[in-house]
Protein chains: 2
Amino acid sequence: MTIKSEINLNSPSSEYLSHLSIDCVVFGFHENQLKVLLLESNFFEEWALPGGFVRHKETLEEAATRILQERTGVDEIFLTQFRVFSDPERKNPGFKPDSMQKAGISMENFDWLNQRFLSVGFYALIEFSKVNPQPDLYSSKCEWKNVEEVCSLMMDHNEILEAALETLRLQLRYQPIGYNLLPEKFTMPELQKLYETILGRELDRRNFQRKILSYKIVKRLPERRTGVAYKAPYLYSFDLDVYNRALTDGLSGDW
Amino acid sequence: MTIKSEINLNSPSSEYLSHLSIDCVVFGFHENQLKVLLLESNFFEEWALPGGFVRHKETLEEAATRILQERTGVDEIFLTQFRVFSDPERKNPGFKPDSMQKAGISMENFDWLNQRFLSVGFYALIEFSKVNPQPDLYSSKCEWKNVEEVCSLMMDHNEILEAALETLRLQLRYQPIGYNLLPEKFTMPELQKLYETILGRELDRRNFQRKILSYKIVKRLPERRTGVAYKAPYLYSFDLDVYNRALTDGLSGDW
């Protein structure tokens, strides 16, 4: 099902601020893979981050939430600003007249759409299973893609995705991560895989386990993962009291 | 001496992007006080953060560097974006026609100056002694003010300052701080005072010392501070190898 998009590209200047766009990097974790939500655009025949423009009376946060809802069908996601991408040479998206005409967008608005845009990057970590991605009118597909296998995206969207990952990497230094991404019960290798995907490199199994346990943010459950061939691994869950305190005070504790 | 400002307020739309401004929060540390660089505006008769607009062909970083140079005489500062302030109800600065006319700004540009602005906040930590603040044409004063004693600022600049402090507080969780702010040799109480001003609360002396020493980012020097009434305190300096590694890997070390 395609939802009705409310993006108004026929009178953009009356509805949206000029020069400013928003791009959303939405991460999920599924089957041991860090995923990102991408759209395939009708106009560009390229994959892109869900993005859009800012209405005259909206905050950036309101705009980002609306854009994500309109373009992917995903509701009530808490998005966080992480950087504005402002290179004046940001690649032009290369609008194609024929596909835009097919979508009912008048040629007069090419100038508006082809102006310089500074794009505010937002990111979110969400629970994979709660999302049912749906493309809007201007997209043919909306899908989760493995972060490690993302192809060449529209404009500078690969750079925006990389910068969002960089923000997560920094977050790993001082905050616990995983509560919104992992199922309630998980194994130590699953948690390690999440960290490895964000860091973009392999970690030593023993060091990782020692360090995670030293922060006391996870507790080992009496159960083990069943149905695996070799030795059944222990299951863990987050200790939410400690986890939430570490979100506020940092992993190394308060000053 | 007043430096020649290059801010062009007589033909703003031809020179600058609409809707977008920049505000810079520049921190320094002097005589045991965290300071912030403020201007007193000719137009508003209020104190404000150094701010300005973005040229059509500039990145935000280039614009912030130029603005800070033009408005305060401060050169070669590494500024970091930290948030965009986008409330559509951000208070109007309340331009006064008479003081603007005095400054040679034509009335026709009131509309441009009174439009909605989203402001990108930048911050920097700099060495107090390296700065010789100088007001631009549109300001009567440019001075360091104690962060703890900052009065009511123009528009939402108190909120922007508070958000910059919030960013520093977060940074204290995972990174060392102080190298750009403190003199080469400092006492433990001086370092503690820096942390206390950023955190906005007092810390326990022993806990603070124990924690700082556990990160090994400072080393005790053989000398003591002389010329003090009571017991002469030890001097410390940063161990730059460890300090720089902690900047990259975080205080609690790499994963």
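Select H19(B) and show what lies around it: leaving out residues up to four places away in sequence, H19(B) touches L17(A) and S18(A) across the chain boundary, plus Q115(B), R116(B), F117(B) and L118(B). Contact here means heavy atoms within 4.5 Å. You're looking at a predicted model, in which local features need pLDDT of at least 70 and side-chain atom pairs count only at pLDDT 80 or more, while totals for chains, interfaces and linings use all residues. Residues are numbered from 1 along each chain as its sequence is written, chains are lettered from A and ligands numbered from 1 in the order written, and side-chain values use heavy atoms, with hydrogens and water left out.

Now colour by secondary structure. H19(B) sits in strand 1 of chain B, residues 16-30; helices (H or I, at least four residues) and strands (E, at least two) are DSSP runs, numbered from the N terminus. Is H19(B) buried or exposed? It counts as buried, because its relative accessibility is 12%; the cut-offs are under 20% for buried, over 50% for exposed and partly exposed in between, using a 1.4 Å probe and protein chains only.

**Next stop: I22(B)**

Select I22(B) together with I22(A). These two have the most contacts inside the largest nonpolar core, which has 52 residues. Such a core is a set of buried Ala, Val, Leu, Ile, Met, Phe, Trp, Tyr and Cys residues joined through side-chain atoms within 4.5 Å. Setting aside neighbours within four places in sequence, I22(B) has contacts that include P50(B), V54(B), L60(B), I67(B), V120(B) and F122(B).

**Zoom out: the two chains**

At the interface, 39 residues of chain B are in contact with 39 residues of chain A. The copies meet through the same surface, because 100% of the interface residues of chain B are also interface residues in chain A. Together the chains bury about 3400 Å², 57% of it on carbon and sulfur atoms; that's the accessible area (1.4 Å probe) lost on putting the two parts together, summed over both. Highlight R173(B), Y174(B) and W255(B), which supply 28% of the area chain B buries against chain A, more than any other three residues.

How many salt bridges cross between chain B and chain A? The rule finds four, each needing a side-chain nitrogen of Lys or Arg within 4 Å of a carboxyl oxygen of Asp or Glu. For one to draw, take D254(B) with R173(A), whose closest N and O atoms are 3.1 Å apart.

Select residues 240-249 of chain B, where V242(B), Y243(B) and A246(B) are buried. They cover an arc of only 100° around the axis, which puts them on the same side of the helix; the arc is taken from the directions from the helix axis to the C-beta atoms. The face turned away carries the exposed D241(B) and T248(B). Then step to G250(B), which follows the helix with a positive phi near 90°.
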